[in-house]
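Subject: Handing over a structure

Dear colleague,

I am passing on to you the structure we spoke about, with the sequence alongside. Please look through it before you read my notes, which follow below.

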Amino acid sequence: MERSRIVQVTVNGVEYEREVEVRKTLADFLREDLGLRGTHLGCEHGVCGACTILFDDASVRSCIMYAVQADGADILTVEGMAPPGGPLHPIQEAFRDHHGLQCGFCTPGFLMPALELLVEKRNPSEDEIREAISGNLCRCTGYQGIVEAIRAADETWERL
Amino acid sequence: MKPAPFEYAAPESVEEALSLLEQHGDTGKVLSGGQSLGPLLNMRLASPEVLIDINRLNELSYLRRRDDHLEIGALARQRTIERSPVIKQKWPLLYEAAPYIGHATLRNRGTICGSIAHADPAAELPAIATALDAELCIRGHEGERTARPDEFFVSFMTTNLEPEELLVEVRFPPPQPWTGHAWMEIARRHGDFALVGVAAVLTLREDGACSAARLVYTGVASVPFDAQEAADQLLGEQPTEELFATAAEKAAGSSEPGSDAHASAAYRRHLVRVLTRRALRKALERAKGEGDGA
(Lines give C-alpha, C1' and ligand atoms only; values in the text may rest on other atoms or scores of the structure.)
Protein backbone atom coordinates (compact mmCIF):
# COMPACT_ATOMS: atom_id res chain seq x y z
CA MET A 1 0.00 0.00 0.00
CA GLU A 2 1.40 3.31 -0.97
CA ARG A 3 0.44 6.86 -1.79
CA SER A 4 2.14 6.89 -5.15
CA ARG A 5 2.57 4.32 -7.89
CA ILE A 6 4.19 3.77 -11.24
CA VAL A 7 1.68 3.87 -14.07
CA GLN A 8 2.26 2.62 -17.60
CA VAL A 9 -0.32 3.87 -20.03
CA THR A 10 -0.75 4.40 -23.75
CA VAL A 11 -2.25 7.74 -24.67
CA ASN A 12 -2.94 8.60 -28.30
CA GLY A 13 -0.61 5.78 -29.33
CA VAL A 14 2.31 6.97 -27.21
CA GLU A 15 3.46 4.90 -24.24
CA TYR A 16 4.16 6.72 -21.01
CA GLU A 17 5.52 5.63 -17.67
CA ARG A 18 5.09 8.01 -14.78
CA GLU A 19 5.03 7.94 -11.00
CA VAL A 20 1.72 9.36 -9.78
CA GLU A 21 0.12 10.16 -6.48
CA VAL A 22 -2.71 7.62 -6.12
CA ARG A 23 -5.29 10.28 -5.46
CA LYS A 24 -4.50 12.13 -8.68
CA THR A 25 -7.44 12.10 -11.06
CA LEU A 26 -6.90 10.77 -14.54
CA ALA A 27 -7.89 14.17 -15.93
CA ASP A 28 -5.25 15.98 -13.89
CA PHE A 29 -2.70 13.35 -14.87
CA LEU A 30 -3.40 13.87 -18.57
CA ARG A 31 -3.23 17.63 -18.24
CA GLU A 32 -0.45 18.15 -15.72
CA ASP A 33 1.81 15.12 -16.04
CA LEU A 34 1.45 14.51 -19.78
CA GLY A 35 0.76 18.10 -20.83
CA LEU A 36 -2.34 17.08 -22.78
CA ARG A 37 -4.53 20.05 -21.96
CA GLY A 38 -7.14 19.36 -24.61
CA THR A 39 -9.10 17.40 -22.02
CA HIS A 40 -10.99 20.08 -20.12
CA LEU A 41 -12.25 20.18 -16.57
CA GLY A 42 -15.59 21.81 -15.92
CA CYS A 43 -17.40 20.55 -12.84
CA GLU A 44 -14.80 18.05 -11.60
CA HIS A 45 -17.46 15.77 -10.18
CA GLY A 46 -18.80 13.83 -13.11
CA VAL A 47 -21.67 16.02 -14.25
CA CYS A 48 -20.62 18.20 -17.18
CA GLY A 49 -18.78 15.70 -19.38
CA ALA A 50 -16.05 18.15 -20.48
CA CYS A 51 -13.34 15.72 -19.35
CA THR A 52 -14.70 12.76 -21.34
CA ILE A 53 -12.02 10.59 -22.97
CA LEU A 54 -11.99 7.15 -24.55
CA PHE A 55 -10.65 4.55 -22.13
CA ASP A 56 -10.08 1.21 -23.88
CA ASP A 57 -12.50 2.46 -26.56
CA ALA A 58 -15.30 3.38 -24.13
CA SER A 59 -16.18 6.96 -23.24
CA VAL A 60 -15.55 7.72 -19.57
CA ARG A 61 -15.25 10.80 -17.41
CA SER A 62 -11.62 11.27 -16.52
CA CYS A 63 -12.32 13.56 -13.54
CA ILE A 64 -13.86 10.72 -11.53
CA MET A 65 -11.22 8.15 -12.34
CA TYR A 66 -7.74 7.99 -10.91
CA ALA A 67 -4.54 7.88 -12.89
CA VAL A 68 -3.53 4.65 -11.12
CA GLN A 69 -6.58 2.99 -12.62
CA ALA A 70 -5.23 3.67 -16.11
CA ASP A 71 -2.26 1.35 -15.66
CA GLY A 72 -2.21 -0.82 -18.77
CA ALA A 73 -5.01 1.11 -20.47
CA ASP A 74 -5.21 2.53 -23.96
CA ILE A 75 -6.52 6.09 -23.90
CA LEU A 76 -7.60 8.49 -26.59
CA THR A 77 -7.93 12.22 -25.99
CA VAL A 78 -8.83 15.00 -28.38
CA GLU A 79 -5.13 15.43 -29.25
CA GLY A 80 -5.18 11.92 -30.70
CA MET A 81 -8.11 12.48 -33.04
CA ALA A 82 -6.07 14.11 -35.79
CA PRO A 83 -2.32 14.28 -36.41
CA PRO A 84 -0.64 17.49 -35.20
CA GLY A 85 -0.63 20.03 -38.01
CA GLY A 86 -2.58 17.68 -40.25
CA PRO A 87 -6.20 17.83 -41.31
CA LEU A 88 -8.87 17.67 -38.66
CA HIS A 89 -10.79 14.47 -38.01
CA PRO A 90 -14.03 14.35 -40.06
CA ILE A 91 -16.05 14.70 -36.84
CA GLN A 92 -14.07 17.83 -35.93
CA GLU A 93 -14.56 19.16 -39.48
CA ALA A 94 -18.28 18.58 -39.13
CA PHE A 95 -18.41 20.40 -35.77
CA ARG A 96 -16.74 23.39 -37.45
CA ASP A 97 -18.99 23.28 -40.50
CA HIS A 98 -22.26 22.83 -38.64
CA HIS A 99 -21.85 25.27 -35.78
CA GLY A 100 -21.20 22.49 -33.30
CA LEU A 101 -19.24 24.86 -31.07
CA GLN A 102 -18.95 28.44 -30.00
CA CYS A 103 -16.51 28.88 -27.16
CA GLY A 104 -15.20 25.34 -27.61
CA PHE A 105 -14.71 24.52 -23.94
CA CYS A 106 -17.04 21.53 -23.99
CA THR A 107 -16.02 20.38 -27.47
CA PRO A 108 -13.27 17.85 -26.63
CA GLY A 109 -15.76 16.16 -24.29
CA PHE A 110 -18.46 16.03 -26.98
CA LEU A 111 -16.11 14.64 -29.60
CA MET A 112 -15.42 11.51 -27.58
CA PRO A 113 -18.93 10.01 -27.28
CA ALA A 114 -19.55 11.18 -30.86
CA LEU A 115 -16.52 9.17 -31.97
CA GLU A 116 -17.57 6.21 -29.83
CA LEU A 117 -21.05 6.27 -31.39
CA LEU A 118 -19.88 6.57 -34.99
CA VAL A 119 -17.32 3.80 -34.57
CA GLU A 120 -20.08 1.55 -33.28
CA LYS A 121 -22.93 2.59 -35.55
CA ARG A 122 -23.65 3.61 -39.12
CA ASN A 123 -26.49 6.01 -39.76
CA PRO A 124 -27.53 6.51 -36.12
CA SER A 125 -30.95 8.01 -35.51
CA GLU A 126 -31.33 11.46 -33.99
CA ASP A 127 -32.42 9.80 -30.74
CA GLU A 128 -29.28 7.68 -30.69
CA ILE A 129 -27.13 10.75 -31.30
CA ARG A 130 -28.84 12.67 -28.52
CA GLU A 131 -28.57 9.67 -26.19
CA ALA A 132 -24.84 9.37 -26.90
CA ILE A 133 -24.12 13.01 -26.01
CA SER A 134 -26.71 13.31 -23.25
CA GLY A 135 -24.00 13.19 -20.59
CA ASN A 136 -22.30 16.31 -21.94
CA LEU A 137 -23.24 19.90 -21.25
CA CYS A 138 -22.81 22.78 -23.71
CA ARG A 139 -23.80 26.25 -22.59
CA CYS A 140 -23.45 27.97 -25.98
CA THR A 141 -24.92 26.10 -28.90
CA GLY A 142 -28.24 24.69 -27.75
CA TYR A 143 -27.09 21.26 -29.00
CA GLN A 144 -28.83 21.42 -32.39
CA GLY A 145 -25.59 22.24 -34.18
CA ILE A 146 -23.80 19.43 -32.37
CA VAL A 147 -26.46 16.90 -33.34
CA GLU A 148 -26.30 18.09 -36.94
CA ALA A 149 -22.51 17.89 -36.91
CA ILE A 150 -22.57 14.28 -35.76
CA ARG A 151 -25.17 13.38 -38.34
CA ALA A 152 -23.06 15.05 -41.04
CA ALA A 153 -19.88 13.34 -39.85
CA ASP A 154 -21.64 10.00 -40.14
CA GLU A 155 -21.90 10.70 -43.86
CA THR A 156 -18.53 12.32 -44.48
CA TRP A 157 -16.33 10.05 -42.37
CA GLU A 158 -15.14 7.20 -44.54
CA ARG A 159 -14.60 4.45 -42.03
CA LEU A 160 -14.10 0.73 -42.34
CA MET B 1 -12.18 19.54 -6.58
CA LYS B 2 -9.67 16.92 -5.56
CA PRO B 3 -10.15 13.97 -3.25
CA ALA B 4 -8.51 13.95 0.16
CA PRO B 5 -5.40 11.75 0.29
CA PHE B 6 -6.02 8.04 0.51
CA GLU B 7 -4.07 4.85 0.22
CA TYR B 8 -4.81 2.60 -2.70
CA ALA B 9 -4.86 -1.12 -3.25
CA ALA B 10 -5.76 -2.96 -6.45
CA PRO B 11 -6.26 -6.62 -5.50
CA GLU B 12 -5.81 -9.22 -8.23
CA SER B 13 -8.16 -11.82 -6.75
CA VAL B 14 -11.36 -11.93 -4.71
CA GLU B 15 -9.44 -13.55 -1.84
CA GLU B 16 -6.97 -10.68 -1.82
CA ALA B 17 -9.82 -8.16 -1.90
CA LEU B 18 -11.51 -9.88 1.03
CA SER B 19 -8.35 -9.95 3.09
CA LEU B 20 -7.84 -6.23 2.41
CA LEU B 21 -11.42 -5.55 3.46
CA GLU B 22 -10.91 -7.55 6.62
CA GLN B 23 -7.69 -5.71 7.34
CA HIS B 24 -9.12 -2.22 6.85
CA GLY B 25 -12.73 -2.67 7.99
CA ASP B 26 -14.74 0.49 7.89
CA THR B 27 -11.76 2.70 7.12
CA GLY B 28 -11.62 1.08 3.68
CA LYS B 29 -13.99 1.59 0.79
CA VAL B 30 -14.56 -0.58 -2.28
CA LEU B 31 -14.05 1.25 -5.57
CA SER B 32 -16.00 -0.39 -8.36
CA GLY B 33 -17.29 1.73 -11.29
CA GLY B 34 -16.78 4.83 -9.17
CA GLN B 35 -19.56 6.82 -10.82
CA SER B 36 -21.11 7.62 -7.44
CA LEU B 37 -18.04 7.24 -5.24
CA GLY B 38 -15.86 9.44 -7.50
CA PRO B 39 -18.03 12.55 -7.07
CA LEU B 40 -18.35 11.85 -3.32
CA LEU B 41 -14.56 11.68 -3.02
CA ASN B 42 -13.97 14.76 -5.16
CA MET B 43 -16.44 16.77 -3.10
CA ARG B 44 -14.91 15.28 0.03
CA LEU B 45 -18.26 14.01 1.22
CA ALA B 46 -16.41 10.73 1.63
CA SER B 47 -12.81 10.40 2.70
CA PRO B 48 -11.91 6.76 3.25
CA GLU B 49 -8.37 6.01 4.36
CA VAL B 50 -8.01 3.19 1.89
CA LEU B 51 -9.56 2.64 -1.51
CA ILE B 52 -9.80 -1.00 -2.50
CA ASP B 53 -10.12 -0.92 -6.27
CA ILE B 54 -11.80 -4.11 -7.54
CA ASN B 55 -11.46 -3.16 -11.22
CA ARG B 56 -8.72 -5.75 -11.72
CA LEU B 57 -10.96 -8.62 -10.63
CA ASN B 58 -11.77 -9.81 -14.13
CA GLU B 59 -13.15 -13.01 -12.66
CA LEU B 60 -16.16 -10.92 -11.54
CA SER B 61 -16.91 -9.22 -14.85
CA TYR B 62 -19.27 -11.95 -16.04
CA LEU B 63 -22.87 -11.82 -17.08
CA ARG B 64 -24.07 -15.37 -17.64
CA ARG B 65 -27.01 -17.75 -17.55
CA ARG B 66 -26.86 -20.68 -15.22
CA ASP B 67 -29.80 -22.99 -14.39
CA ASP B 68 -32.07 -20.47 -16.12
CA HIS B 69 -30.89 -17.77 -13.70
CA LEU B 70 -29.12 -14.63 -14.78
CA GLU B 71 -25.89 -14.19 -12.83
CA ILE B 72 -24.14 -10.84 -12.88
CA GLY B 73 -20.71 -10.49 -11.31
CA ALA B 74 -19.57 -7.49 -9.28
CA LEU B 75 -17.57 -6.00 -12.12
CA ALA B 76 -20.13 -6.28 -14.96
CA ARG B 77 -20.72 -2.76 -16.29
CA GLN B 78 -24.20 -1.35 -16.59
CA ARG B 79 -23.64 -0.89 -20.32
CA THR B 80 -23.62 -4.66 -20.82
CA ILE B 81 -27.34 -4.85 -19.99
CA GLU B 82 -28.43 -2.90 -23.05
CA ARG B 83 -26.11 -4.93 -25.28
CA SER B 84 -27.36 -8.33 -24.13
CA PRO B 85 -29.94 -10.04 -26.39
CA VAL B 86 -30.56 -12.57 -23.60
CA ILE B 87 -31.49 -9.86 -21.12
CA LYS B 88 -33.67 -8.17 -23.71
CA GLN B 89 -35.58 -11.38 -24.27
CA LYS B 90 -35.66 -12.94 -20.81
CA TRP B 91 -35.31 -10.10 -18.32
CA PRO B 92 -37.01 -7.27 -20.21
CA LEU B 93 -37.55 -5.17 -17.09
CA LEU B 94 -33.81 -4.87 -16.62
CA TYR B 95 -33.39 -4.12 -20.31
CA GLU B 96 -36.11 -1.49 -20.33
CA ALA B 97 -34.70 0.35 -17.32
CA ALA B 98 -31.05 0.33 -18.42
CA PRO B 99 -31.18 3.43 -20.65
CA TYR B 100 -32.53 5.45 -17.72
CA ILE B 101 -29.44 4.79 -15.60
CA GLY B 102 -27.46 8.02 -15.86
CA HIS B 103 -25.93 8.45 -19.30
CA ALA B 104 -24.16 6.07 -21.66
CA THR B 105 -20.77 7.38 -20.56
CA LEU B 106 -21.62 6.63 -16.92
CA ARG B 107 -22.93 3.18 -17.79
CA ASN B 108 -19.67 2.38 -19.58
CA ARG B 109 -17.99 2.48 -16.22
CA GLY B 110 -20.69 2.05 -13.57
CA THR B 111 -21.35 -1.50 -12.42
CA ILE B 112 -24.65 -3.23 -11.76
CA CYS B 113 -23.61 -4.58 -8.37
CA GLY B 114 -22.01 -1.24 -7.50
CA SER B 115 -25.30 0.56 -7.94
CA ILE B 116 -27.04 -2.04 -5.81
CA ALA B 117 -24.41 -1.82 -3.06
CA HIS B 118 -24.54 1.99 -3.16
CA ALA B 119 -28.27 1.64 -2.38
CA ASP B 120 -29.46 5.03 -3.51
CA PRO B 121 -33.26 4.79 -3.15
CA ALA B 122 -33.62 6.93 -6.29
CA ALA B 123 -31.62 4.48 -8.41
CA GLU B 124 -33.18 2.02 -10.84
CA LEU B 125 -31.21 -1.15 -10.13
CA PRO B 126 -32.06 -1.57 -6.43
CA ALA B 127 -35.77 -1.27 -7.29
CA ILE B 128 -35.45 -3.76 -10.13
CA ALA B 129 -33.54 -6.23 -7.98
CA THR B 130 -36.43 -5.95 -5.51
CA ALA B 131 -39.19 -6.32 -8.10
CA LEU B 132 -37.56 -9.38 -9.67
CA ASP B 133 -36.71 -11.04 -6.33
CA ALA B 134 -33.02 -11.09 -7.11
CA GLU B 135 -30.62 -12.81 -4.77
CA LEU B 136 -27.57 -10.93 -3.56
CA CYS B 137 -24.47 -13.05 -3.14
CA ILE B 138 -22.09 -11.70 -0.57
CA ARG B 139 -18.64 -12.88 0.37
CA GLY B 140 -16.70 -12.17 3.50
CA HIS B 141 -13.76 -13.76 5.27
CA GLU B 142 -16.17 -16.14 6.98
CA GLY B 143 -17.62 -17.42 3.73
CA GLU B 144 -20.52 -16.73 1.47
CA ARG B 145 -24.08 -15.74 2.24
CA THR B 146 -27.06 -14.58 0.24
CA ALA B 147 -29.53 -11.84 1.03
CA ARG B 148 -32.95 -10.93 -0.31
CA PRO B 149 -33.32 -7.31 -1.41
CA ASP B 150 -35.69 -6.55 1.47
CA GLU B 151 -33.00 -7.73 3.91
CA PHE B 152 -30.18 -6.07 2.01
CA PHE B 153 -31.55 -2.53 1.68
CA VAL B 154 -31.63 -1.10 5.19
CA SER B 155 -31.95 2.63 4.68
CA PHE B 156 -30.80 5.55 2.55
CA MET B 157 -27.49 4.39 1.02
CA THR B 158 -27.22 1.77 3.75
CA THR B 159 -27.20 -1.98 3.26
CA ASN B 160 -26.66 -4.93 5.53
CA LEU B 161 -23.18 -5.47 4.04
CA GLU B 162 -20.57 -5.67 6.77
CA PRO B 163 -17.47 -3.53 6.24
CA GLU B 164 -15.42 -6.64 5.49
CA GLU B 165 -17.93 -8.05 2.98
CA LEU B 166 -18.14 -7.73 -0.78
CA LEU B 167 -21.25 -8.01 -2.95
CA VAL B 168 -19.86 -10.45 -5.52
CA GLU B 169 -22.94 -11.26 -7.57
CA VAL B 170 -26.58 -10.47 -8.16
CA ARG B 171 -28.67 -13.38 -9.37
CA PHE B 172 -32.00 -12.94 -11.11
CA PRO B 173 -34.47 -15.86 -11.07
CA PRO B 174 -35.86 -17.20 -14.37
CA PRO B 175 -38.74 -15.32 -15.96
CA GLN B 176 -42.24 -16.65 -15.37
CA PRO B 177 -44.65 -17.43 -18.22
CA TRP B 178 -47.60 -15.12 -18.86
CA THR B 179 -45.77 -12.29 -17.21
CA GLY B 180 -45.52 -8.70 -18.33
CA HIS B 181 -43.17 -6.04 -17.04
CA ALA B 182 -42.88 -2.31 -17.29
CA TRP B 183 -40.37 0.26 -16.09
CA MET B 184 -41.44 3.88 -16.08
CA GLU B 185 -40.02 6.96 -14.49
CA ILE B 186 -40.35 10.71 -14.49
CA ALA B 187 -37.20 12.82 -14.31
CA ARG B 188 -36.76 16.53 -14.88
CA ARG B 189 -34.12 15.77 -17.49
CA HIS B 190 -33.22 12.48 -19.06
CA GLY B 191 -30.36 10.89 -17.13
CA ASP B 192 -31.12 12.64 -13.86
CA PHE B 193 -32.25 10.58 -10.92
CA ALA B 194 -35.99 10.21 -11.39
CA LEU B 195 -38.43 11.97 -9.08
CA VAL B 196 -40.34 8.70 -9.05
CA GLY B 197 -39.78 5.45 -10.91
CA VAL B 198 -41.85 2.28 -10.90
CA ALA B 199 -41.27 -1.35 -11.75
CA ALA B 200 -44.48 -3.26 -12.43
CA VAL B 201 -44.59 -7.02 -12.83
CA LEU B 202 -47.87 -8.76 -13.62
CA THR B 203 -48.50 -12.49 -14.09
CA LEU B 204 -51.77 -13.81 -15.50
CA ARG B 205 -53.55 -17.14 -15.07
CA GLU B 206 -55.03 -18.98 -18.01
CA ASP B 207 -58.42 -17.37 -17.38
CA GLY B 208 -56.84 -13.93 -17.54
CA ALA B 209 -56.99 -13.22 -13.82
CA CYS B 210 -53.90 -11.92 -12.10
CA SER B 211 -51.91 -14.57 -10.24
CA ALA B 212 -48.94 -12.45 -9.12
CA ALA B 213 -48.11 -8.77 -9.08
CA ARG B 214 -45.30 -6.54 -7.90
CA LEU B 215 -45.03 -2.78 -7.71
CA VAL B 216 -41.70 -1.33 -6.61
CA TYR B 217 -40.86 2.37 -6.60
CA THR B 218 -37.81 4.62 -6.50
CA GLY B 219 -37.76 8.04 -4.92
CA VAL B 220 -40.52 7.65 -2.37
CA ALA B 221 -38.78 6.02 0.61
CA SER B 222 -35.33 5.48 2.07
CA VAL B 223 -35.16 2.07 0.34
CA PRO B 224 -36.84 0.70 -2.80
CA PHE B 225 -40.53 0.88 -1.89
CA ASP B 226 -42.19 -2.50 -2.38
CA ALA B 227 -45.92 -1.67 -2.37
CA GLN B 228 -47.07 -5.20 -1.67
CA GLU B 229 -50.42 -4.13 -0.31
CA ALA B 230 -51.18 -2.22 -3.48
CA ALA B 231 -50.05 -5.08 -5.70
CA ASP B 232 -52.15 -7.53 -3.67
CA GLN B 233 -55.28 -5.66 -4.77
CA LEU B 234 -54.82 -7.28 -8.15
CA LEU B 235 -54.49 -10.89 -7.02
CA GLY B 236 -57.16 -13.27 -8.29
CA GLU B 237 -58.91 -10.44 -10.13
CA GLN B 238 -59.44 -9.74 -13.80
CA PRO B 239 -57.22 -6.72 -14.42
CA THR B 240 -59.24 -3.63 -15.29
CA GLU B 241 -58.57 0.10 -15.40
CA GLU B 242 -60.68 0.44 -12.26
CA LEU B 243 -58.59 -2.11 -10.43
CA PHE B 244 -55.39 -0.40 -11.56
CA ALA B 245 -56.74 2.88 -10.18
CA THR B 246 -57.43 1.20 -6.83
CA ALA B 247 -53.91 -0.20 -6.71
CA ALA B 248 -52.50 3.21 -7.69
CA GLU B 249 -54.45 4.89 -4.87
CA LYS B 250 -53.20 2.32 -2.41
CA ALA B 251 -49.60 2.73 -3.55
CA ALA B 252 -49.79 6.51 -3.39
CA GLY B 253 -51.39 6.38 0.04
CA SER B 254 -48.86 3.98 1.53
CA SER B 255 -45.77 5.65 0.04
CA GLU B 256 -43.93 8.16 2.18
CA PRO B 257 -42.10 10.49 -0.17
CA GLY B 258 -40.23 13.51 1.09
CA SER B 259 -40.18 17.06 -0.22
CA ASP B 260 -37.02 18.59 -1.60
CA ALA B 261 -35.85 21.15 -4.15
CA HIS B 262 -36.86 18.85 -7.00
CA ALA B 263 -40.44 18.03 -6.05
CA SER B 264 -42.91 18.19 -3.19
CA ALA B 265 -44.15 15.07 -1.44
CA ALA B 266 -47.62 15.71 -2.86
CA TYR B 267 -46.28 15.84 -6.42
CA ARG B 268 -44.28 12.66 -5.92
CA ARG B 269 -47.44 10.97 -4.64
CA HIS B 270 -49.25 12.19 -7.70
CA LEU B 271 -46.55 10.64 -9.85
CA VAL B 272 -46.90 7.34 -8.00
CA ARG B 273 -50.59 7.37 -8.84
CA VAL B 274 -50.10 8.20 -12.52
CA LEU B 275 -47.10 5.96 -13.13
CA THR B 276 -48.71 2.97 -11.41
CA ARG B 277 -51.68 3.08 -13.75
CA ARG B 278 -49.52 3.53 -16.83
CA ALA B 279 -47.05 0.82 -15.85
CA LEU B 280 -49.77 -1.71 -15.02
CA ARG B 281 -51.49 -1.00 -18.32
CA LYS B 282 -48.22 -1.64 -20.17
CA ALA B 283 -47.40 -4.75 -18.11
CA LEU B 284 -50.88 -6.16 -18.79
CA GLU B 285 -50.54 -5.58 -22.51
CA ARG B 286 -47.24 -7.43 -22.48
CA ALA B 287 -48.47 -10.27 -20.27
CA LYS B 288 -51.39 -10.83 -22.63
CA GLY B 289 -49.10 -10.92 -25.60
CA GLU B 290 -46.76 -13.10 -23.57
CA GLY B 291 -44.48 -10.65 -25.30
CA ASP B 292 -41.79 -10.78 -22.69
CA GLY B 293 -40.99 -12.85 -19.68
CA ALA B 294 -42.29 -16.06 -21.20
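This is a predicted model: local features need pLDDT of at least 70, side-chain atom pairs count only at pLDDT 80 or more; totals for chains, interfaces and linings use all residues.

The model scores ipTM 0.94 and pTM 0.95, and for chain B the mean pLDDT is 95, with 98% of the residues of that chain reaching 70 or more.

Chain A as a whole

Chain A contains five helices and five strands, and read from the N terminus these elements follow one another as β-β-α-β-β-β-α-α-α-α. The C-alpha trace of chain A spans about 50 × 30 × 25 Å along its principal axes.

Strand β1 of chain A, residues 4-11, pairs with β2(A) in the antiparallel sense over eight bridges, and A:Arg5 is found opposite A:Val20 of β2(A).

A residue in a loop of chain A

A:Ala82 belongs to the loop that runs between β5 (74-76) and α2 (90-97) of chain A. Is A:Ala82 buried, exposed or partly exposed? Since 15 other C-beta atoms lie within 10 Å of A:Ala82, this residue counts as partly exposed. When the neighbours within four places in sequence are left aside, A:Ala82 is in contact with A:Pro87, A:Leu88, A:His89 and A:Gln92. A:Ala82 and A:Asn12 are separated by 70 residues in sequence, and their C-alpha atoms are 9.8 Å apart in space.

The sheet of chain B

In chain B, five strands form an open sheet in the order β4-β5-β10-β6-β7, with antiparallel pairing. Because β4 (63-66) and β7 (143-147) of chain B are at the edges and have a single partner strand each, one side of each is left without a neighbour in the sheet. The neighbouring strands of this sheet are turned by 25° against each other on average, with direction ignored. Strand β6 of chain B, residues 135-140, and β7(B) pair in the antiparallel sense over five bridges, and B:Leu136 stands opposite B:Ala147 in β7(B). Helix α1 of chain B, residues 14-24, packs on the sheet and touches β6 and β10 (166-172) of chain B, with a direction that makes about 125° with that of β10(B).

Two residues with positive phi in chain B

B:Arg44, although it is not a glycine, has a positive phi of about 60°; B:Arg44 sits in the loop between α2 (37-42) and β3 (50-53) of chain B, and with 11 C-beta neighbours inside 10 Å it counts as exposed. B:Ala119 also has a positive phi, near 55°, in a residue other than glycine. The loop that holds B:Ala119 lies between α7 (112-118) and α8 (124-131) of chain B, and with 23 other C-beta atoms within 10 Å, B:Ala119 is buried.

Where the chains meet

The contact takes 23 residues from chain A and 24 residues from chain B. On the side of chain A that touches chain B, the elements giving two or more residues are β4 (58-61) and α4 (126-132) of chain A, and β4(A) gives the most, with four residues. Sorted by class, this side of chain A has nine nonpolar, eight polar and six charged residues.

With best wishes

Note on methods: Residues are numbered from 1 along each chain as its sequence is written. Chains are lettered from A and ligands numbered from 1 in the order in which they are written. Two strands pair if DSSP finds at least two bridges between them. Axes are lines fitted to C-alpha atoms, for helices over the stretch in contact, and angles run from 0 to 180 degrees between N-to-C directions. Two residues are in contact if their C-beta atoms, placed from the backbone, lie within 7 Å. A residue is buried if 20 or more other C-beta atoms lie within 10 Å of its own, exposed if 12 or fewer, and partly exposed in between; C-beta atoms are placed from the backbone. pLDDT is the predictor's confidence in each residue, from 0 to 100. Ala, Val, Leu, Ile, Met, Phe, Trp, Tyr, Cys and Pro count as nonpolar, Asp, Glu, Lys and Arg as charged, and the others, Gly among them, as polar.
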